[in-house]
Amino acid sequence: LWAAAGFGLSLLGTLAVQVLSRAGLQADMSMVEEKLLSGPLWLELTVLLAASPFLEEIFFRGILFQRLKELMSVKAAAVVSALVFGLYHGTLTQGIYGFFMGLALAWAMERTQTVKAPVVVHIAANLAGLLAAAVNLP
């Protein structure tokens, strides 16, 4: 269920990127794709489907979101951690996508009370993004 949610959210994000691309942000996405999808396939898969989701979720949901919940409401903690997650992704397009995905990942963490769910959602979302890039969606 969590994997399907991540995959679906990423595909919705891909559609949103198409809309943003039409608004003049295509160069932004091209730069991201060039950086992420320019190495050997085994390395891309390792980073995007294992290392990044695991490490990012340990930090952003397992540490940051949990600590923020001690200082503010769950909703505020979700928004703040999602904003930081979006900023971390570095470009406007990825930042917007990262913010909304960060909200979904915080919800998964809060719903299950384990970092396993956001890790699975994140892996599925990255897989959907890789497949979209492979078939030349945006």
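This passage describes the overall fold of the protein and then looks at a few of its residues.

The structure is a predicted model, in which local features need pLDDT of at least 70 and side-chain atom pairs count only at pLDDT 80 or more, while totals for chains, interfaces and linings use all residues. Residues are numbered from 1 along each chain as its sequence is written, and side-chain values use heavy atoms, with hydrogens and water left out.

The protein has five helices and zero strands, giving the pattern α-α-α-α-α along the sequence. Helices here are DSSP runs (H or I, at least four residues) and strands are runs of E (at least two), numbered from the N terminus. Confidence is given as pLDDT, the predictor's score for each residue from 0 to 100. Its mean over the protein is 82, and 73% of the residues reach 70 or more. Readers may wish to note that confidence is lowest in helix 1 (residues 2-36), with a mean of 62, and highest in helix 3 (residues 74-88), at 97.

Of the 138 residues, 38% are buried; buried means under 20% relative accessible area, exposed over 50%, and partly exposed in between (1.4 Å probe, protein chains only). Among contacts (heavy atoms within 4.5 Å) between residues at least 6 apart in sequence, 71% join residues at least 24 apart. The protein exposes about 7,700 Å², of which carbon and sulfur atoms supply 72%. Accessible areas come from the Shrake-Rupley method with a 1.4 Å probe, and for residues only the protein chains shown count as cover.

Helix 2 (residues 41-71) holds Ile58, which is partly exposed at a relative accessible area of 31%. Ile58 forms a nonpolar surface patch with Phe54, Leu55, Phe59 and Ile63, and together they have about 470 Å² of accessible area. Patch residues have over 30% relative accessible area and no salt bridge; like charges are joined within 9 Å, and nonpolar side chains (Val, Leu, Ile, Met, Phe, Trp, Tyr) within 5 Å. A salt bridge places a side-chain nitrogen of Lys or Arg within 4 Å of a carboxyl oxygen of Asp or Glu.

Glu57 also lies in helix 2, but counts as buried, with 0% relative accessibility. Beyond its neighbours within four places in sequence, Glu57 is in contact with residues including Phe85, Leu105, Val119 and His122.

In helix 5 (residues 116-134), Ala125 is buried at a relative accessible area of 4%. The C-alpha atoms of Ala125 and Ala3 are separated by 7.9 Å, although these residues are 122 apart along the chain.
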